[in-house]
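Work through the exercises below with the sequence and the model side by side, and try each task before reading its solution.

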Amino acid sequence: MIFFETERLTARSNMLLNEGELCEGVIPEVESLEVSLSDRYRMEYQLSNSFVFFDKNRIDVPICYISYFKKRDIYELHWETLEQFKKQGYMTEALTAFAKWMKENTEKEVLWALIDSNNVPSLKTAQKCGFRKTEDNISGTSWYKLVLEYELDVIKEVF
């Protein structure tokens, strides 16, 4: 299990790190995450490919997640904050920590996110964390990328 912390959060993932490559893990048992998640959450977001961020002081309280999976021949990020924790800066903290962890532990040079043009909260979070818009190629969405080699160094430390 991969584990790291931020100021307010504890991240856990059943993904595997193999020779600098983050690989799909095994689908975890709910008990292995020490929390009861709804079937919808487990099925839709494939926890085998996710980092789940919990309250650092209460490991039974999931706050947000970041999924990392291969789609359209590249590895993309998808993130979401559970409703009761939105607009509190949790995803900015989680995404910044995830990018830092990726830079230090994998050989990835770029992180990608495909964001719906109407998803203003995700657009703002991506921009706060250093992602830059690259192109529009799927109707209603835009590609955003974070280059881990240099852009991460200018991200405001939030943890």
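The exercises go from the whole chain to single residues, and each task is followed by its solution.

The model is predicted, so local features are taken only where pLDDT is at least 70 and side-chain atom pairs only at pLDDT 80 or more, while totals for chains, interfaces and linings use all residues. Residues are numbered from 1 along each chain as its sequence is written, and side-chain values use heavy atoms, with hydrogens and water left out.

**Exercise 1. The whole chain**

Task: State how many helices and strands the protein chain has, and in what order they come.

Solution: Begin with the definition, by which helices (H or I, at least four residues) and strands (E, at least two) are DSSP runs numbered from the N terminus. The protein chain has three helices and 10 strands, and from the N terminus on they follow the order β-β-β-β-α-β-β-β-α-β-α-β-β. Next comes burial, where buried means under 20% relative accessible area, exposed over 50%, and partly exposed in between, with a 1.4 Å probe and protein chains only. Of the 159 residues in the protein chain, 47% are buried. Finally, take contacts (heavy atoms within 4.5 Å): among those between residues at least 6 apart in sequence, 56% join residues at least 24 apart.

**Exercise 2. Glu-93**

Task: Decide whether Glu-93 is buried or exposed, and find which side chain makes a polar contact with its side chain.

Solution: First locate Glu-93 in helix 2, which covers residues 90–105. With a relative accessible area of 3%, Glu-93 is buried. A polar contact is a pair of N or O atoms within 3.5 Å; within protein, one must be able to donate a hydrogen and the other to accept it, and residues adjacent in sequence count only if both atoms are side-chain atoms. The side chain of Glu-93 makes such a contact with the side chain of Thr-6, at 2.4 Å.

**Exercise 3. Aromatic rings**

Task: Say how many aromatic pairs the whole structure contains, and describe the pair of Phe-4 and Trp-101.

Solution: Rings of Phe, Tyr and Trp (its six-membered ring) pair if their centres lie within 6.5 Å, and planes under 30 degrees apart count as stacked, over 60 as edge-to-face and the rest as tilted. A search of the whole structure finds 10 aromatic pairs. One of them joins Phe-4 and Trp-101, which are stacked at 5.9 Å centre to centre with 15° between the planes. This pair links distant parts of the chain, since Phe-4 is in strand 1 (residues 2–5) and Trp-101 in helix 2, 97 residues apart. Phe-4 counts as buried at 10% relative accessibility, and Trp-101 is buried with a relative accessible area of 10%.

Now turn to Tyr-68 and Phe-98, whose pair is tilted, at 6.4 Å centre to centre and 55° between the planes. Tyr-68 lies in strand 6 (residues 58–71) and Phe-98 in helix 2, so the pair ties together parts that are 30 residues apart in sequence. Tyr-68 is buried at 2% relative accessible area, and Phe-98 counts as buried at 0%.

**Exercise 4. Helix 3**

Task: Find which residues of helix 3 are buried, and explain why they line one face of the helix.

Solution: Helix 3 spans residues 120–128, and in it Ser-122, Leu-123, Thr-125 and Ala-126 are buried. Seen down the axis, these buried residues fall within an arc of 165° (taken from the directions from the helix axis to the C-beta atoms), so they line one face of the helix. The face turned away from the buried side carries the exposed residues Pro-121, Lys-124 and Lys-128. What covers the buried residues includes strand 7 (74–81), helix 2, strand 8 (110–116) and strand 10 (141–147).

**Exercise 5. Strand 10**

Task: Determine how strand 10 pairs with strand 8 and with strand 9.

Solution: Two strands pair if DSSP finds at least two bridges between them. Strands 8 and 10 run antiparallel and are joined by seven bridges, with Thr-141 in strand 10 as the bridge partner of Asp-116. Strand 9 (residues 132–135) also pairs with strand 10 in the antiparallel sense, over three bridges. Six of the seven residues of strand 10 are buried, so this strand is largely enclosed by the rest of the structure.
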